Amino acid sequence: MTLKLFIQALTKFLFGLLLVGVLLFLPAGTFDYWQAWLFIGILFGPMFIAGIVLMIRQPELLRKRLDAKEKQGEQKWVVALSGLMFIAVFVVAGLSRRFGWYMLPDEEVYVATIIFLAAYALYAEVMRENVWLSRTIEVQENQQVVSTGLYGIVRHPMYAATLLLFLSMPLVLASPWSFAIMLLYIPIIALRIHNEEQVLERELKGYVEYKQHVRYKVIPFIW
């Protein structure tokens, strides 16, 4: 662990926390939005803990994820579209609170919270299983195909986890309107997976054979 890495990680964490807070509470026009506070807690609490663990046990993995920049031109558009989608999701959720648009009952918010936390745990397990996990589409030096654990069920368990995470986000915020926007994540992630598999087939030895063994990309028996 280095001081530079700690400052970099803390800066990005605090910036993300501030940005999400502004995107939610400014459109809401109030801090009296308990679902938003709940969301911030379950998003950034585990994120902070995971960051500390990575900093102590796997600082190189943390550094790689902090410094990640897309090299694939097509994926830069995917990242940009994803960013716009998230901004719209948070802003619309805040506007729902401000103008009294229909919001989900508390019971559904609690169920969505459980799904969100379960997806977070799934994401953590994917990170444990795959030491080559990256935020960008690339094949790293000495990288090998991971085919055990969750990777023996679907080829992209990380995207399975993020699909659950992202679709449950607007439900935790009690906004069905934001959920409708978040559905755009499905075609966005489909485009990213298509491009990623092209790169892996071309550059990662054994990936073509792995695809023949594990047929499904994200959801067993469906996709």
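In this predicted model, E203 has a relative accessibility of 44% and therefore counts as partly exposed, since that class lies between the limits of 20% and 50%. Its side chain meets that of R202 in a salt bridge, with an N to O distance of 3.7 Å, and R202, at 56% relative accessibility, counts as exposed. Elsewhere, salt bridges that share partners join R155, E197, E201 and K211 into one network, and a search of the whole structure finds five salt bridges.

Because K211 lies in helix α9 (residues 207-213) and E197 in helix α8 (residues 185-203), the pair ties together parts that are 14 residues apart in sequence. K211 is partly exposed, with a relative accessible area of 25%, whereas E197 is buried at 4%. The side chain of K211 also meets that of E201 in a salt bridge of 2.4 Å, N to O, and this pair likewise links α9 to α8, so that parts ten residues apart in sequence are tied together.

Turning to helix α2 (residues 34-57), its 24 residues should span 34 Å at 1.5 Å a residue, which agrees with the 34 Å between its end C-alpha atoms. The buried residues of α2 include F39, I40 and L43, while F48, also found in this helix, is partly exposed with a relative accessible area of 41%. F48 is one of the residues making a nonpolar surface patch of about 910 Å², to which α1 (3-28) and α2 each supply at least two residues.

Methods
Residues are numbered from 1 along each chain as its sequence is written. This is a predicted model: local features need pLDDT of at least 70, side-chain atom pairs count only at pLDDT 80 or more; totals for chains, interfaces and linings use all residues. Side-chain values use heavy atoms; hydrogens and water are left out. Helices (H or I, at least four residues) and strands (E, at least two) are DSSP runs, numbered from the N terminus. The expected span of a helix is 1.5 Å times one less than its number of residues. Buried means under 20% relative accessible area, exposed over 50%, partly exposed in between (1.4 Å probe, protein chains only). Patches are made of residues with over 30% relative accessible area and no salt bridge: like charges are joined within 9 Å, nonpolar side chains (Val, Leu, Ile, Met, Phe, Trp, Tyr) within 5 Å. Accessible areas come from the Shrake-Rupley method with a 1.4 Å probe; for residues, only the protein chains shown count as cover. A salt bridge is a side-chain nitrogen of Lys or Arg within 4 Å of a carboxyl oxygen of Asp or Glu.
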